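Me: Please take a close look at the surroundings of the ligands in this model. I would like one connected account, with the cut-offs stated.

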Amino acid sequence: MDVIVTPTPRLRGDIQALSSKNYTTRYLLAAALADGTSTIYYPAHSEDSDAMRRCVRDLGAVLEEDGEKIVITGFGGKPKDVRELDVGNAGAVLRFLMAIASLCPNVTFVNRYPESLGKRPHDDLIDALEQMGVEIDHNGGKLPITIRGGKPRSGRIRVSGSVSSQYLSALLFLTPLLEGDSEIEVVGDLKSKVVVGQTLEVLEQAGIVIEASEDLMRYRVPGGQSYAAKTYTVQGDYPGSAAVLAAAAVTESDVTIRGLVENSKQGERAIIDVLRMMEVPLTHHNAVVNVRGNGKLKAVEFDGDTATDAVLAMVAAAVFAEGTSRFYNVENLRYKECDRITDYLNELRKAGADVEERQSEIIVHGKPEGVEGGVEIDAHYDHRVIMALTVVGLRARRPIVIRDAHHVAKSYPIYFDHLRALGAQVEWVKVES
Ligand SMILES: O=C(O)C1=C[C@@H](OP(=O)(O)O)[C@@H](O)[C@H](O)C1
Ligand SMILES: C=C(OP(=O)(O)O)C(=O)O
């Protein structure tokens, strides 16, 4: 399905933030790894969170769901001997479950998105699991991947974090279940470090004890632990909301989003600070954000690694700012659903934006006068590209068509419903090919 985004000068209204994808995947996993029954209130509904639901069920968890909660009876440290898992296009779900699959004798992760997840690298996690005695068949570090585990060894594990934090998070979920103690050392750099804070928070809530160094580069994980069955409540999602907030920032608006707690460990809460730096009028109290955009924005300089999944939305806002913005330390955007530097900037240029790329930077020469639009955009299988290009389309001179916009459902299936509720002219159309 495609979406036509028609320029919309004004947005008004009040929406509830969707539930956090990253907390939902983590709580589902922690609940599945527990002996006993856990409850998760307000879990996210999206392709990625559904992928985690499907896989933990395949691994032996029992899930019952109603409109507000999931009740999960876990399989403890003993997943079922499953032969195949399908994670869809979900990177975090794949990496976390590659680690857990090493408790099983023989599991193959299939390659359902060869043009997206199928191109993403997993070598650093493969290397770490091999240090633990797990045998792995893979296609040059990529899917399909077969894990032949059983009894992974504890002890000293070195893992690189220079491509993704998800490899480290995966090991942090696995190692407490091993017989002996583990010491994990992160070598090289650790990208998206803030997300590891979310992993540690969830593990602590699940009763798992881990000693982490202050810089998050070293961990002591006692073995023989078990995950406790708990009740969890999922907070609102900053990465998805960042796109809606950017849309409000580039239009004349009075937009309220509820359910975004101020003290969240999601790095993408920085969207609030970045929009403030851009002089967008907004308030944030008691988990309610209100943006009263006047269409005027100032350029910013920002370390994008602190808010990885909100950078594309920030860049979309910067397209209309006065001056030149720079988003630095963002190289790992290249290893996401698409190359979120080269591919994304190509689509922005098509729409009329003036952008430049470096290996680890995005530079935006703002155009307060707006961009031309009137083009077809390729989604590159990437929900965040779709959301960000929609923001640009709202302030273009002519409508844009986003091809294959249904991939927005990876994290935010109701994105266009939310925008429509705020008055945006966005419309689904059937593909003619
Ligand atoms: O751990 C997680 O749930 C995630 C970590 C981040 O990935 P990287 O660590 O690869 O940057 C983030 O971009 C992704 O959406 C979710
Ligand atoms: C990169 C993302 O997710 P993942 O790595 O889990 O596929 C994302 O949600 O933007």
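Reply: What follows covers confidence, then each ligand shell, then two residues from the database record.

This is a predicted model, in which local features need pLDDT of at least 70 and side-chain atom pairs count only at pLDDT 80 or more, while totals for chains, interfaces and linings use all residues. Residues are numbered from 1 along each chain as its sequence is written, and chains are lettered from A and ligands numbered from 1 in the order in which they are written.

The predictor assigns the complex an ipTM of 0.99 and a pTM of 0.98. On pLDDT (the predictor's confidence in each residue, from 0 to 100), the protein chain averages 98, and 100% of its residues score at least 70. Strand β11 (residues 182–190) has the lowest confidence, with a mean of 97, and helix α9 (residues 311–318) the highest, at 99. Helices (H or I, at least four residues) and strands (E, at least two) are DSSP runs, numbered from the N terminus.

A residue belongs to a ligand's shell if its C-beta atom, placed from the backbone, lies within 6 Å of the ligand. Ligand 1 has 13 residues around it, and N22, A92, S164, S165 and S192 come nearest. Helices α1 (21–32) and α5 (166–174) each supply at least two residues of this shell. Its classes are two nonpolar, nine polar and two charged. Here Ala, Val, Leu, Ile, Met, Phe, Trp, Tyr, Cys and Pro count as nonpolar, Asp, Glu, Lys and Arg as charged, and the others, Gly among them, as polar. Domain 1 (2–18 + 235–429) and domain 2 (21–222) each give at least three residues to the shell around ligand 1; the bounds come from an automatic or database domain assignment.

Around ligand 2 are A90, G91, A92, D309, K336, E337, R384 and S411. Two of these are nonpolar, two polar and four charged. Ligand 2 lies between domain 1 and domain 2, because both contribute residues to its shell.

An unreviewed UniProt entry lists "binding site" positions including S164 and D309; such annotations may be inferred rather than shown by experiment. S164 sits in the loop between β10 (155–161) and α5. S164 counts as buried (20 or more other C-beta atoms within 10 Å of its own) because it has 26 such neighbours. Beyond four places in sequence, S164 contacts K191, S192, N332 and Y335, a contact being two C-beta atoms, placed from the backbone, within 7 Å. D309 occupies the loop between β18 (301–303) and α9. With 27 C-beta neighbours inside 10 Å, D309 is therefore also buried. Its contacts, again leaving aside neighbours within four places in sequence, are P239, E268 and R384.

Key: A residue is buried if 20 or more other C-beta atoms lie within 10 Å of its own, exposed if 12 or fewer, and partly exposed in between; C-beta atoms are placed from the backbone.
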